[in-house]
Amino acid sequence: MGMTEAAARPRLPRQIPYIIGNEACERFSFYGMRNILVQFLVSSVILAYLPEAERELAAKDVFHSFVIGVYFFPLLGGWLSDRFFGKYDTVLWFSLIYCAGHACLAIFEDSRQGFYTGLFLIALGSGGIKPLVVSFVGDQFTQANKSLAKVVFDFFYWTINFGSFFASLLMPLFLRELGPSIAFGIPGALMFIATFIFWLGRRKYVRVPPTRGQDPDSFYNVARTALLSQAPGQGRPGLVVAVVGVVVAALMLVFWALHAWAGVSLAFWPDDFHFVISACLALGVLIAFGGIGVSMQLERARGRHADEAVDSVRSVLRVIIVFALTTPFWSLFDQKASTWVIQGRDMTVPHDAWWWPSWLVREAAQMQALNPLLVMLIIPFNNLVLYPAVRRLGYEPTALRRMGWGIAFAGVAWIVAGLIQLKIDSGAPTSLAWQTWPYMLLTFGEVLVSATALEFAYSQARASMKGVIMAFWYLASTFGSLWVLLTNVAVRNDTVTAYIATTGWTENAFLMFFFAAFAFAAAVVFGLYARSYPMQDNYRVA
């Protein structure tokens with residue numbers, strides 16, 4: 001090989017190992033605390049003030065409120081990075097907040113206020129860095145070595161699942177054997193190591209300066225122009241719709257404040273609509289009404305903004321609808337760490353079976369380790385076996401088709417979980433091994449929805465709008481957990497509980513079948529919308 005060829009060979013940026021090391025430790029840290037959270041809360045003094053029968057529902061409320069925060073705060077992290085600090089400084093400072101949150105969990109295991117403060121800080125820190133780390137990896141590559149970027153991103157995703165697998169497998173054992181202080185302290189130590197590793201590479205990173213909001217054709221600027229522009233002889237109906245959305249959202253927060261602070265009881269506003277629910281509903285109204293309003297007047301932005309920018313905003317608005325239709329999937333998916341863990345506590349670990357790894361799997365919460373393990377197996381199976389096979393049968397597994405089927409498979413998973421619950425409720429001993437089936441079905445649905453959605457969104461959005469797309473993708477998980485919180489509010493209603501009693505099912509079994517039906521309905525609506533969706537192709541020309 002000549003010297004010219006050696007010089008031309010692309011080289012991996014020296015700083016990449018620091019980012020990968022940071023991600024591996026951070027993901028173990030996050031999933032380590034997340035996957036023992038419900039298990040801890042159900043039996044902890046944090047919820048000891050509640051009757052025992054209400055603790056499981058309260059633990060689910062806490063868990064899904066936490067998840068809502070994790071997937072809401074990427075909006076804040078992305079905005080601060082873009083407007084003020086850049087990716088490196090934003091990731092570093094939010095990582096320190098993240099560490100403080102873990103410290104609170106380890107120190108305040110007996111203090112409700114201290115423990116919840118820790119959860120808030122972790123949601124803030126984890127969410128704040130979530131939209132930045134992956135794009136920070138991309139910033140380290142140039143045209144000369146961009147061919148290696150895909151390899152790094154693939155390893156990045158593998159690292160996430162690797163960390164999640166071991167965290168899901170080991171942390172429930174640590175909680176059981178070592179107690180909550182150490183069990184929550186270990187993820188805290190890993191997050192500190194993650195932050196330290198990231199800091200070590202500070203002199204090697206490529207730091208792209210923040211735009212400071214100076215892009216004239218940003219999503220926000222185009223949308224604002226569309227809403228405020230006047231057309232001769234026409235009103236501004238889109239602006240009216242957007243303003244109505246602002247008013248309705250503000251009223252929702254006012255109703256919550258009147259109840260929470262002034263003690264005013266409003267017949268039309270449920271008492272159980274705490275701040276998280278109220279704020280998420282208000283955000284949903286703002287997005288829905290604002291999106292409709294912008295869509296109604298978007299063509300008015302042409303001439304003042306480039307046609308490409310206007311078309312990109314139109315694409316983003318369409319993608320938002322696709323993402324909104326995936327929120328029922330996320331309401332099912334995230335409950336594997338809450339509802340399914342609670343279900344597993346009532347099942348029998350089959351230690352007497354020769355094939356069961358009793359030396360390792362002792363807790364129901366450890367079943368969550370199946371998810372990342374199966375992800376690492378299913379992705380290559382789909383790409384190498386399943387998709388080529390269905391193509392040979394004359395069926396093209398397009399991105400939208402895969403996502404629709406993924407939502408449906410989640411529904412099937414919950415049907416199986418519901419059948420397991422019926423067996424538990426009958427009093428028959430039920431092996432924990434049965435949970436393998438719903439985990440397999442749900443993970444298969446996850447691969448079809450989650451991995452595909454990122455590919456789909458990338459193809460639909462132009463480069464200038466990809467950050468906006470990712471922000472709305474994270475919000476899909478936020479609203480997925482909102483569905484769970486709303487359902488939890490509903491089952492506290494006497495009318496609803498009376499109806500459930502008439503079915504002959506327990507509350508847990510009824511809700512499992514309800515969520516399955518919810519997913520099937522969402523899959524049907526998703527399929528109908530997908531049939532008329534105008535696909536775009538915004539991949540970079542070679």
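Before moving on, some ground rules. This is a predicted model: local features need pLDDT of at least 70, side-chain atom pairs count only at pLDDT 80 or more, and totals for chains, interfaces and linings use all residues. Residues are numbered from 1 along each chain as its sequence is written, and side-chain values use heavy atoms, with hydrogens and water left out.

**Stop 1: His305**

Stay on His305. It lies in the loop between α10 and α11. Helices here are DSSP runs (H or I, at least four residues), numbered from the N terminus. His305 is buried because its relative accessible area is 10%, and buried means under 20% (1.4 Å probe, protein chains only). Now show the C-alpha atoms of His305 and Asp217. They are separated by 6.1 Å, yet the two residues are 88 apart along the chain.

**Stop 2: helix α8**

Select residues 219-228, helix α8. Of its 10 residues, 7 are buried. Colour Phe219, Asn221, Val222, Ala223, Thr225, Ala226 and Leu227 to see them. What covers them? The cover includes α9, α10, α11 (307-333) and α16 (466-490).

**Stop 3: α11 against α16**

The crossing is right-handed: the near helix is turned clockwise from the far one by less than a right angle.

From α11, the contact residues include Val316, Ile320, Phe323 and Trp330. From α16, they include Phe472, Trp473, Phe479 and Trp483. By class, the contact has 14 nonpolar, 5 polar and no charged residues. Ala, Val, Leu, Ile, Met, Phe, Trp, Tyr, Cys and Pro count as nonpolar, Asp, Glu, Lys and Arg as charged, and the others, Gly among them, as polar.

**Stop 4: Asn488**

Move along α16 to Asn488. Asn488 counts as buried because its relative accessibility is 1%. Leaving aside neighbours within four places in sequence, Asn488 is in contact with Leu57, Lys60 and Asp61.

**Stop 5: the second largest pocket**

About 1200 Å³ of space lies in the second largest pocket. A pocket is an open set of points on a 1 Å grid over the protein atoms alone, with protein on both sides within 12 Å along at least five of seven lines; lining residues have an atom within 4 Å of a point. Grid points are joined across faces, edges and corners, and a volume is the space filled by probe spheres set on the points.

Which helix gives the most to this lining? Select α3 (52-72), which supplies 13 residues. The lining divides into 25 nonpolar, 8 polar and 9 charged residues.

**Stop 6: the cavity**

Finish with Lys60, Gln335, Thr339, Trp414, Asn508, Leu511, Met512 and Phe515, which line the largest cavity. A cavity is a set of grid points where a 1.4 Å probe fits but cannot get out. The space here is about 30 Å³. The largest share of the lining, 4 residues, comes from α18.

Technical notes:
Helices (H or I, at least four residues) and strands (E, at least two) are DSSP runs, numbered from the N terminus. Buried means under 20% relative accessible area, exposed over 50%, partly exposed in between (1.4 Å probe, protein chains only). Contact means heavy atoms within 4.5 Å.
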